[in-house]
Amino acid sequence: MAFSRRNALKFSAIAAAAIGVTACNKDTGTAESTVSAPEAAASTATVGSGSKAFLPPAKGPRVVVVGGGWSGLSVAKYTKKMAPNADVILVEQRQSFMSGPVSNLWLVGEVDLDFITNDYLQAARENKYTYFQATVVGVDKVGKTIQTSNGDIDYDYLVLAPGIDYDYSQWTTDPAEELRLKTEYPAAFIPGSETMTLRSKLQDFEGGNFVMTVPGGNYRCLPAPYERACVIADYFKREGIEGKVILLDENAGITIKADGFGSAFKELYGDIIEYYPANKVEKIDLEKKMVYTEFEEFEFADAAFYPHVRGGKLLEVAGVSKDSPFNKHEANIDPFTYEVIGEKDIFCSGDVRPMGFSKSGNTANTEGHYLAKVIAGRINGTQVKWESPLTVCFSAVSMSPVHGISINAGYKYDAEAKAFGFTGVAMNEEWRDKVGTNNGKGLMEWAKGMYRDMFA
Ligand SMILES: Cc1cc2nc3c(=O)[nH]c(=O)nc-3n(C[C@H](O)[C@H](O)[C@H](O)COP(=O)(O)OP(=O)(O)OC[C@H]3O[C@@H](n4cnc5c(N)ncnc54)[C@H](O)[C@@H]3O)c2cc1C
């Protein structure tokens, strides 16, 4: 898999952008954003000084959305659409957007980097809100202010949508070992450098066992680890690499689209993918390059270890998290309004939600549409009826052309069980022949539609 010159150029542009986030102002000696478009508000504030962010005064009720992922982008765009008098600010720490969906295909060169990256400034310009590039480091719930790396911002309504963080505590409590796991064998389930590292690993891979793990709990994107096993096996096959994909699954079996993935593992990659269900990783020996489960031990030439997930750390900092039945530190919210329990006007959405919805982009996007209605309803004084998020998820099982499988489902609340379950499930697990290539085309069209919905 050769890097195209175009991709190499795009890579360096992104790297340069990431490095160039702040530059020292020679005259004042303070940090200053290098972004100059009007929507990207710069600031000369010093962290922790209590200085206000350098922003024009709000002309209407201010809605601050933290996290420019699938959830935050959708909330920001549609709140502004439904409450045009609101002053909507999207606070995101990154300078450009990288998608999780379709990133598995980029790992093996099936799509260009262009396909999975996007421009926050464009989204802000097109949709008339402000993109403020900063990291949120604190929330003053009484004073209704957030503290960011570029100054403080007051809010009337606050949405926290920071996505997931990793919880390595089942594998190690030693920070040095956790750091090595994160740096040397990243999970690549938080898009960005981790994804780039995994792609480089595959490019350099010369053979042997490539070990990957599937965590328990409600982890980010149930099908994605199985999709990734398929695309990597496809790549080994195509490139003639004498490698095995060892997939160690903490769950009793494939957690979703089991027939589709199970048959692809057997029929397409019988000699490449070794799938081990109910194999919870107990120990990883980085010196010996060995993984130990309760039943087996595996040597690895390289690996991507996906640990349990937890709610983004910002929730803990803000004091709005609780352990859910699935994961630690998820949002402590009313599941129908997304409002933080006991905290008026603060909402949490996306993968941080404690409800057992699929942690997927489509879910976060449709939920974002609904939450925008809730917030616009508060501003406009109208009542909003609960709407289920929708999980539409295509997964690739082989490349060139992409063959895929899909699931489409909503959710309903079971008052007796006090839990949500799937409703209206439509599965298409046929990856063979024309049905499979149509699902592959569906995957690409779905992604383009989602990008249009969030950015255009
Ligand atoms: C490999 C892979 C494949 C996937 N495949 C699919 C798929 O096929 N279909 C599908 O629907 N979903 C898929 N997903 C899942 C999907 O990407 C997530 O469910 C979705 O991104 C969740 O949206 P979110 O807004 O909650 O979090 P994110 O999209 O992660 O966004 C969170 C944002 O918050 C920002 N942030 C965090 N903390 C702070 C802070 N303190 N200050 C400022 N900004 C902050 C982060 O930088 C990030 O941009 C996949 C994910 C991966 C990784």
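Predicted model: local features only at pLDDT ≥ 70, side-chain atom pairs only at ≥ 80, totals over all residues.
**Backbone features in loops**

- Most residues other than glycine have a negative phi, and most peptide bonds are trans.
- The loop between strand 24 and strand 25 contains S400, and P401 lies in the loop between strand 24 (391–398) and strand 25 (403–414).
- Is S400 buried or exposed? S400 is exposed, because 11 other C-beta atoms lie within 10 Å of its own, and a count of 12 or fewer gives that label.
- S96 sits in the loop between strand 4 and strand 5 (97–98), and it is partly exposed, with 16 other C-beta atoms within 10 Å.
- Although S96 and G192 are 96 residues apart along the chain, their C-alpha atoms are separated by 9.6 Å.

**Strand 13 and its partners**

- Strand 13, which covers residues 208–214, is mostly covered by other parts of the model, in that five of its seven residues are buried.
- Strand 13 pairs with strand 14 (residues 243–249) in the parallel sense, and seven bridges connect the two.
- Strand 13 also runs parallel to strand 19 (residues 302–304), to which it is joined by three bridges.
- Which residues stand opposite M212 in these two strands? M212 stands opposite L247 in strand 14, and M212 also stands opposite A304 in strand 19.
- In a regular strand the side chains alternate between the two faces of the sheet.

**Helix 8, between strand 13 and strand 14**

- From strand 13 the chain passes through helix 8 (residues 224–239) to reach strand 14, and this β-α-β crossover is right-handed.
- Because 13 of its 16 residues are buried, helix 8 is largely enclosed by the rest of the structure.
- The length of helix 8 can be checked by simple reasoning: at 1.5 Å a residue, its 16 residues should span 22 Å, and the end C-alpha atoms are 22 Å apart, which agrees.
- The residue that follows helix 8 is G240, and the phi of G240 is positive, near 65°.

**Surroundings of the ligand**

- There are 35 residues around the ligand, and those that come nearest are G67, G69, G100, G163 and G350.
- The elements that give two or more residues to this shell are helix 2 (70–82), strand 4 (87–92), helix 3 (103–107) and helix 11 (361–380).
- Sorted by class, the shell around the ligand contains 14 nonpolar residues, 16 polar residues and five charged residues.
- Both domain 1 (21–163 + 312–380) and domain 2 (170–307) take part in the shell around the ligand, each with at least three residues.

Technical notes:
Residues numbered from 1 in each chain as written. Near = placed C-beta within 6 Å. Helix = DSSP H or I, 4+ residues; strand = E, 2+ residues; numbered from the N terminus. Nonpolar A, V, L, I, M, F, W, Y, C, P; charged D, E, K, R; others polar. Domains from an automatic or database assignment. Buried ≥ 20, exposed ≤ 12 C-beta atoms within 10 Å, placed from the backbone. Pairing = 2+ DSSP bridges. Right-handed = clockwise from strand over helix to strand, strands pointing away. Expected span 1.5 Å × (residues − 1).
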